[in-house]
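Let's take a walk through a protein model together. Have a look at the picture first, and then we will go through it step by step.

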Amino acid sequence: MMRSIKPLIPLTAVLFMMLVLGACASSTSPYLGGGERQRDPMMAQRLTQEAGDTSDAAEAEQLLRRALAADLYHGPAHNNLGVLLLKRGELYEAAHEFEWARKLMPGHPDPRLNLGLVMERAGRVEEAIEAYESAREVYPGHMPAIQAIARASLRYGLEHPSLEELLEQVSLRGTSYPWREWARERRNSLPR
């Protein structure tokens, strides 16, 4: 009696796919070690807070990576890790973290602003301004984003349709006196 191998083909394909997907799942994140784990958002939040409380950058990075191991989907840990990487000049890695944070924190301007800073440092000024504008879209009136748009537009000689209005806002509500004074001087020197 001859046995058909047709029923074995789908079973073999399913087993192969399970092996491939299992291998992919364990390698999708540098923060998960050895496969899927249960998420622990409270631990991630606590570790992210501890990282913010320390002045030691190496310790802060270690805490943030532990936070992301506890919960890969903790946006503030991605954002804060991106800030540390940006300070070290690791632009590609920082941008990656800010992209994660942007997706995980859709209504928060900080990851967008930070991504803009990366783009600007990388010489991608138009993309930087787009990121700053995105921060302003999710949080209208976000002063750091307004300041970044005005500063980048002036620094790189780009035409911005509302530059005078942006400078007016910064001169009245800037995050510090030097920003307000800078905006007044720039606004007064604009061609009329």
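**Aromatic pairs and their surroundings**

Across the whole structure, a search turns up two aromatic pairs. Keep in mind as you look that this is a predicted model.

Start with Tyr73 and Trp100. Their ring centres are 6.1 Å apart and their planes meet at 50°, so this pair is called tilted. The label follows because planes under 30 degrees apart count as stacked, over 60 as edge-to-face and the rest as tilted. Where do Tyr73 and Trp100 lie? Tyr73 sits in the loop between α3 (57-70) and α4 (75-87), while Trp100 belongs to helix α5 (residues 91-104), so the pair ties together parts that are 27 residues apart in sequence. Is Tyr73 buried, partly exposed or exposed? With 43% relative accessibility, Tyr73 is partly exposed. Trp100, with a relative accessible area of 24%, is partly exposed too.

Now turn to the other pair, Trp179 and Trp182. Here the ring centres are 5.2 Å apart and the planes stand at 80°, so the pair is edge-to-face. Both residues lie in helix α10 (residues 177-188), three residues apart, which is about one turn of the helix. How does each of them count in terms of accessibility? Trp179 has 24% relative accessibility and counts as partly exposed, whereas Trp182 has a relative accessible area of 18% and is buried. The two values fall into separate classes because buried means under 20% relative accessible area.

Let's step back to the chain as a whole. Of its 192 residues, 39% are buried. The chain exposes about 11800 Å², and carbon and sulfur atoms supply 57% of that area. Among the contacts with a separation of 6 or more, 46% are between residues 24 or more positions apart.

Finally, look inside. In soluble globular proteins, nonpolar side chains tend to be buried together. In this model, the largest nonpolar core has 40 residues, and Tyr132 and Leu167 have the most contacts inside it. Which helix gives the most to this core? Helix α8 (residues 143-155) does, with seven residues.

How values were computed:
Residues numbered from 1 in each chain as written. Predicted model: local features only at pLDDT ≥ 70, side-chain atom pairs only at ≥ 80, totals over all residues. Heavy atoms only, no water. Buried < 20%, exposed > 50% of the residue type's maximum accessible area, 1.4 Å probe, protein only. Contact = heavy atoms within 4.5 Å. Areas by Shrake-Rupley, 256 points an atom, 1.4 Å probe, with all protein chains shown as cover. Core = buried A, V, L, I, M, F, W, Y, C linked by side-chain atoms within 4.5 Å. Helix = DSSP H or I, 4+ residues; strand = E, 2+ residues; numbered from the N terminus. Phe/Tyr/Trp six-rings, centres within 6.5 Å; stacked < 30°, edge-to-face > 60°.
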